[in-house]
Amino acid sequence: KTDHTRVYGCQATVYMFARVNEDSDPKTIQLMAEADAAIVNGLIAILTRVYNGRTPQEILAFDVESLLEKLDLEKQLSPTRRNGLYEMVKRVRAMAERYLENAK
């Protein structure tokens with residue numbers, strides 16, 4: 001838990017880290033995150049279910065907005081929780097993009 005792994009923009013304190021599973025072919029991402037609020041840990045559980053074990057390309061191609069719409073989270077979350085959720089999604093996507101840049 002460092003400033004580097006903290007996700008800012010969330011109402012709760014959230015730390016998120018991703019590592020590359022070097023043993024898989026193609027290489028996949030393993031997401032780890034934790035928050036100090038139960039509801040945010042539930043949102044993290046959804047994101048890890050969606051993103052863990054996927055390649056960076058799959059992460060970037062995944063339509064998370066469509067999934068969140070199907071789950072009706074837009075109506076269930078306060079604006080600050082929604083903002084935090086989208087900050088976490090942006091962080092995951094940025095990690096995938098960074099991996100692809102470094103792999104060149």
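Is K1 exposed or buried? K1 counts as exposed, because its relative accessibility is 67%. Here buried means under 20% relative accessible area, exposed over 50%, and partly exposed in between, with a 1.4 Å probe and protein chains only.

This is a predicted model: local features need pLDDT of at least 70, side-chain atom pairs count only at pLDDT 80 or more, and totals for chains, interfaces and linings use all residues. Residues are numbered from 1 along each chain as its sequence is written, and side-chain values use heavy atoms, leaving out hydrogens and water.

**The sheet**

Three strands make an open, antiparallel sheet in the order β1-β2-β3. β1 (6-7) and β3 (28-35) are the edges; each has a single partner strand, so one side of each lacks a neighbour in the sheet. Strands are DSSP runs (E, at least two residues), as are helices (H or I, at least four), numbered from the N terminus. Two strands pair if DSSP finds at least two bridges between them. β1 and β2 (residues 14-21) pair over two bridges. V7 stands opposite V14 in β2.

**The salt bridges**

The structure holds three salt bridges. Each is a side-chain nitrogen of Lys or Arg within 4 Å of a carboxyl oxygen of Asp or Glu.

| Pair | N to O distance |
|---|---|
| K1 and E34 | 3.0 Å |
| K27 and E22 | 3.7 Å |
| E87 and K90 | 3.0 Å |

K1 lies in the segment before β1 and E34 in strand β3, so their pair ties together parts 33 residues apart in sequence. E34 is partly exposed, at 40% relative accessible area. E87 and K90 are three residues apart in helix α5, so about one helical turn separates them.
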